[in-house]
Each structure stands twice: as structure tokens, then as C-alpha cells.
Amino acid sequence: MSGIVVASNRGPVSFDRDERGGLVAQRGAGGLVTALAGVLPGRDATWVAAAMTDGDREVAAGAAVPDAGFPAEMRYVVVPPDRYDAYYNEVANRTLWFAHHYLWDTVRSPVFDRATEQAWEDYVAVNRAFAEELAEIPGDPPFLVQDYHLSLVPRFLRELRPGARIAHFSHTPFAGSTYLRILPARIRDALLRGLLGADVLGFQTGTWAENFLFSARAMPGARVDLARSRVTLDGREVLVRVYPISVEAPHLRQLAQTPEVRKLRREIARIRGDRALLLRVDRLELTKNIVRGFLAYESFLRANPGWRGRVTFLALLSPSRSEIPEYQAYTDECLAEAERINREYGDHGWTPVHVSVREDYPEAVAALGLYDVLLVNPVFDGMNLVAMEGPLLNRRHGALVLSRNAGAFGRLGRYALGVNPFDVAETADAIREALEMPPPERTRRARGLARTVLANTPARWLGRQLDDLSRVKRPG
Ligand code: G6P
């Protein structure tokens with residue numbers, strides 16, 4: 001195999017023009033980007049992403065590319081804005097993301113209609129454009145296609161390059177077969193067939209992989225071998241595998257030592273004073289269950305008056321997908337809930353909840369060093385990297401309260417306090433238990449968490465996929 005090709009909607013690097021008119025590179029901060037930045041050097045990597053800025057479009061049109069400091073050659077897929085909006089907001093984020101995370105309030109939503117069909121055509125067109133860009137890459141590289149935005153790329157790429165080695169990885173959960181039936185039949189079928197164009201389908205946990213297999217079982221023409229976790233369709237065999245992603249520890253720990261992060265750490269330590277610090281760090285995202293997190297904290301304060309004034313809840317939330325109405329409404333709800341708790345429980349000397357809504361990764365890294373309890377309670381989450389970053393960065397043997405519906409629970413659950421994210425009373429009890437945990441127990445668990453995260457590197461995540469791909473039997 002030669003080189004390696006990654007495809008994802010959001011690229012690791014984006015270009016903009018600076019005041020003097022030069023193209024400058026902006027490095028993305030997502031988990032996948034930092035994970036792969038450490039393992040791509042020396043692999044002759046190419047990364048294909050959607051053009052998101054004018055600078056990206058210029059690069060796609062052939063402008064000279066300044067060194068972006070990222071170890072892959074960037075190629076961009078350019079899509080007209082309206083089409084991109086339908087593909088990204090309507091289909092990927094409002095339909096597929098909702099399905100895979102069980103986000104609908106099914107009494108009222110979703111309602112699929114002609115507009116859905118139109119948006120779906122745009123999703124198909126963007127997936128086809130990605131496949132065409134990938135098909136132009138010379139040589140015989142393994143293609144690593146990422147996430148729900150690009151579910152149809154494996155099939156389209158297979159049509160263009162029948163012998164290609166293709167893997168698709170879902171960073172999200174995968175909806176259970178009954179829930180997936182909410183989608184219009186045509187869309188559900190196209191999704192499953194699209195993914196099955198790959199040789200290897202990767203998921204974060206066994207549960208999501210199993211969900212996929214059960215859905216595939218209902219497809220006409222597909223043969224599913226549950227025991228060996230394989231699907232045969234059109235005479236081709238597709239492996240369904242579990243590759244839990246991880247975080248890049250050396251990079252994170254380096255970042256924690258920068259002067260900027262040290263300064264922020266001192267500031268947060270000042271806000272906390274001698275109180276215990278309960279922390280959450282999330283995108284302002286429907287799946288993260290931020291409102292129930294506040295309700296659990298309130299329930300804890302109500303049941304444990306002795307803790308009032310002795311703990312601060314810091315919620316660091318970065319804005320996300322703010323063009324989607326459900327996200328705008330949720331942002332308002334989260335803020336209103338925090339304000340209400342502050343009004344009802346706070347006094348002159350104590351603000352129970354501090355919320356910060358901004359993109360500030362250094363601030364998050366600083367805060368993760370300082371928590372006594374980290375609350376990670378998503379309703380459903382493919383993995384959740386914050387649950388891993390926390391234990392690597394924390395200096396106080398902080399405890400982790402973790403949703404059993406986060407992929408990370410599979411590995412970290414034995415050292416965390418597991419909660420049902422819908423059960424606010426259980427979450428309140430877990431917050432108390434975490435705050436009152438005897439020091440030897442805290443230390444034992446914190447060390448177990450850090451050890452587990454360190455044992456699973458992004459290099460291993462990538463290497464296992466490449467190994468499985470290299471063993472795929474090819475036609476002819
Ligand atoms: C999740 C998805 C990623 C996505 C990220 C941020 O982690 O799995 O594919 O990039 O959220 O979302 P955004 O819509 O900002 O790219």
C-alpha cells in the first residue's frame with residue numbers, strides 16, 4: 001500500500017487571507033486532527049475535506065499553499081453554499097446526527113417531506129463529489145473515510161475504483177435498528193448500502209457495531225454473520241470492527257505546560273478559591289445533556305445543604321452548529337437553567353454555577369488540570385474525548401462521573417462513577433459520592449483512568465485499521 005488518504009467533512013487545516021493579502025493556515029482543534037497529527041508524519045498522507053473558507057476554495061483552485069504545519073497534503077471539495085447548507089445542516093446534523101444520538105422528541109419530530117428529499121439529493125451530490133476527488137488520487141493508497149457526513153462515499157468510491165481499499169469509521173454512535181427505521185426507507189437503505197461499499201467499517205464500541213449489523217440484517221440481499229461480524233453484499237465481504245479512538249497524550253501534556261495555559265490555570269484557581277471544583281467541558285451540543293447536568297447539580301445542592309457555598313460548578317461550553325434552530329434554543333435553555341440555579345441558591349459570596357460560552361481550548365486544558373470532579377453525562381456519545389483528556393491532565397486525583405451511554409465508558413467505566421444520563425437523582429448522588437470520596441480511593445481511580453488512556457494511543461487506532469485493510473482479499 002502506498003501513502004494514506006483521509007477524508008472528512010471538516011479538515012484539519014483551513015486557509016484565510018491575512019491583512020496583507022497572504023494565505024495563512026488555521027489549524028483545526030478537533031480530536032481527530034490532534035490524534036492524527038501525531039501519527040501521519042512520514043506516511044505520505046493526503047487529506048480531503050470540504051472547503052469552508054474562501055481561502056480553502058482558492059487552494060482548491062490551485063493557489064500556492066503556504067506551509068500549514070500539518071503533516072498531510074490538503075485537497076478541498078468545493079460545494080456551492082446552498083448545497084453545502086442542505087448537506088451539512090439539514091441532512092448530516094439535523095437528520096443523521098439526530099438519528100444516531102436518539103435526539104428526536106418523536107411525538108412531534110421528525111416530519112419528513114418533499115424538502116427532505118431535496119436536501120437528501122444535495123447530501124448525495126456532496127458525497128459523490130468527495131468520491132470523485134478521492135478517485136483522482138494516484139497510486140493504491142488505503143482510503144480512510146470519516147463519519148456520518150460521508151456515509152455514501154464508500155459506495156461511490158467503490159464504483160469509481162472497484163479495487164480500492166476503503167475503510168469508513170463512525171465517530172458517533174450508530175442508531176439501533178428500530179430507531180433507524182424513523183428515517184425514510186429510501187434514505188436508510190442508501191445509508192446502509194453506502195457504508196457497505198467499504199471493506200472495513202469501524203465503530204467506537206461493540207454496541208454501535210452490533211446496531212449496524214442488526215440494521216444490515218434487514219436489508220434484502222445482505223448476508224450478516226453476527227458471530228464473525230461480517231456482512232456479504234453483492235459478492236463482497238465487509239468486516240465490521242471496533243476501534244476505540246484515543247487521545248494524543250504527549251501533545252496534550254505539552255499544551256498544559258505552555259505559559260498561556262499556566263496563566264489560565266492560576267486564574268481559574270483564583271475563581272475557585274478554597275471550594276471544590278465540579279467541571280464540565282463540552283461543545284454546546286444537544287447530545288451533551290447540559291441541562292440535566294444542571295438539574296442534577298441542583299438536586300445535589302438541595303439534598304446536601306452542607307455543600308452549599310463549598311463547591312463551584314464551572315461549565316466551559318464552546319459554541320457549535322449555531323445555524324441550527326434546535327441548537328439556538330438549547331443554548332438559551334442551558335443559560336436560563338444556570339441563571340435560575342444561581343438566583344435560587346447563590347448568595348453574595350457564592351455563585352453556584354459559572355458558565356462560559358466561547359471557543360477557548362487553552363482555557364479547557366487549564367480547567368481540566370484543576371477539577372475535583374469532572375461531569376461527563378452525554379445522552380449518547382460515540383466516545384467522548386473529554387473523559388480521556390481530563391484524567392491525563394488533572395493534578396488533583398479528580399473523580400470522573402461518566403454516562404454509561406458514552407463510548408468511553410467501555411474502557412473507563414471501572415474507574416469512573418457510572419450514571420444513567422436521564423436519571424438526575426442518580427447523577428446527583430454520583431456528584432456527592434465523587435466529592436466525598438476518600439483520598440486513597442480517589443487516587444486509585446484517577447491512576448487507573450490515566451493508565452487506561454495512556455495504554456490506548458491514536459497510533460494503535462490507526463494501525464489496527466490499516467492492518468485490517470491490508471488483509472482484505474481483492475477481486476481477481
Ligand atoms: C463530532 C463529529 C465530528 C465533528 C465534530 C464537530 O465529534 O463526530 O465529525 O467534526 O463533532 O462538529 P462540527 O459540526 O463542528 O464539525
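Reader: What makes arginine 158 part of helix 5?

Author: Arginine 158 falls within residues 153-160, the span of helix 5; helices here are DSSP runs (H or I, at least four residues), numbered from the N terminus. Mind you, this is a predicted model, where local features need pLDDT of at least 70, side-chain atom pairs count only at pLDDT 80 or more, and totals for chains, interfaces and linings use all residues. Residues are numbered from 1 along each chain as its sequence is written, and side-chain values use heavy atoms, leaving out hydrogens and water.

Reader: Why is arginine 158 called buried?

Author: Its relative accessible area is 11%, and buried means under 20% (exposed is over 50%, partly exposed in between; 1.4 Å probe, protein chains only). So arginine 158 counts as buried.

Reader: What makes the arginine 158 side chain and the backbone oxygen of alanine 164 a polar contact?

Author: They sit 2.8 Å apart, and the cut-off is a pair of N or O atoms within 3.5 Å; within protein, one must be able to donate a hydrogen and the other to accept it, and residues adjacent in sequence count only if both atoms are side-chain atoms.

Reader: How do you know that helix 13 is mostly covered?

Author: Seven of the eight residues in helix 13 (residues 361-368) are buried, including Pro362, Glu363 and Leu368. At the start of helix 13, a side-chain oxygen of aspartate 360 comes within 3.1 Å of the backbone nitrogen of glutamate 363.

Definitions and conventions. Helix = DSSP H or I, 4+ residues; strand = E, 2+ residues; numbered from the N terminus.
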